[in-house]
Amino acid sequence: MRFLVDEMLFDVAKYLRFMGYGVEVMRSGTPDKEILARTEEDGLVLITADKELYKIAKKNGDGTIFLDIRKSLEEKLAIVIKKANLYLDFERSRCPKCGGELHYIDSKDVNVPEFIKKTHKKVQECLSCKHVYWKGSHWEAMVKRVERAFKLASKI
Ligand SMILES: [Zn+2]
């Protein structure tokens, strides 16, 4: 399952990538017509904060999810988890920044701080944008947030 996400909901897009889902982000100002054509052609599930656009997509019978921008990130994720029936598998994680595939690489071969090289033999590198990730406190915090969202989703 792949998603097309409103730029206003970039935080949601980032987390869906982290959870291993393919996500494209649409620039704000993209005409509705273009968005609807994309979702239809490529079978993307539209996630939008634009109620009018959501209504049109729904009428067309396209897979679409409306998210209220005022809800917390956990609440927004929980709605997507519930509606799209997502499951948890961090082994499939993609680059939160660009959605590229991640692969494991020796930390000594990449430009990361010395203390990371000491504590992490392997890190993950994005094949597209070359951003490097390691399972440190930031990663842990993202995992916890996703876990909270799944818990929340089970109560919806
Ligand atoms: Zn990337």
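This is a predicted model: local features need pLDDT of at least 70, side-chain atom pairs count only at pLDDT 80 or more; totals for chains, interfaces and linings use all residues.
Residues are numbered from 1 along each chain as its sequence is written.

**View 1. The parallel sheet S2-S1-S3-S4.** An open sheet is formed by 4 strands in the order S2-S1-S3-S4, with parallel pairing; here strands (E, at least two residues) and helices (H or I, at least four residues) are DSSP runs numbered from the N terminus, and two strands pair if DSSP finds at least two bridges between them. Strand S2 (22-26) and strand S4 (64-66) are the edge strands, each pairing on one side only, and from one strand to the next the twist averages 20°. Strand S1, residues 2-6, pairs with S2 in the parallel sense over 5 bridges, and within this pairing Phe 3 stands opposite Val 23 in S2. Helix H2 lies across S1, S2 and strand S3 (45-48) and runs at about 170° to S1, whereas helix H3, residues 51-59, packs on the sheet by touching S3 and S4, its direction making about 150° with that of S4. Such angles run from 0 to 180 degrees between N-to-C directions, with axes as lines fitted to C-alpha atoms, for helices over the stretch in contact.

**View 2. The antiparallel sheet S5-S6-S7.** In this open sheet, 3 strands follow the order S5-S6-S7 and the pairing is antiparallel. Strand S5 (102-106) and strand S7 (132-133) stand at the edges with a single partner strand each, so one side of each is left without a neighbour in the sheet. Strand S6, residues 122-126, is joined to S7 by 2 bridges, and Gln 124 has Tyr 133 in S7 as its bridge partner.

View 3. Leaving aside neighbours within four places in sequence, Leu 36 is in contact with Ile 56, Ala 57, Asn 60 and Asp 62, contact meaning that the C-beta atoms, placed from the backbone, lie within 7 Å. Although Leu 36 and Asn 60 are 24 residues apart in sequence, their C-alpha atoms are 8.9 Å apart in space.

**View 4. The crossing of helices H1 and H4.** The axes of helix H1 (residues 10-18) and helix H4 (residues 73-84) come within 10 Å and cross at roughly 60°. This angle makes H1 oblique to H4, where angles under 35 degrees count as roughly parallel, over 145 as roughly antiparallel, 65 to 115 as roughly perpendicular and the rest as oblique. The contact is made by Asp 11, Val 12, Tyr 15 and Leu 16 of H1 together with Leu 73, Lys 76, Leu 77 and Val 80 of H4.

**View 5. Two loop residues with positive phi.** Asn 85, in the loop between H4 and S5, has a positive phi of about 60° although it is not a glycine. Lys 130, in the loop between S6 and S7, has a phi near 65°, likewise positive in a residue other than glycine.

Definitions and conventions: Two residues are in contact if their C-beta atoms, placed from the backbone, lie within 7 Å.
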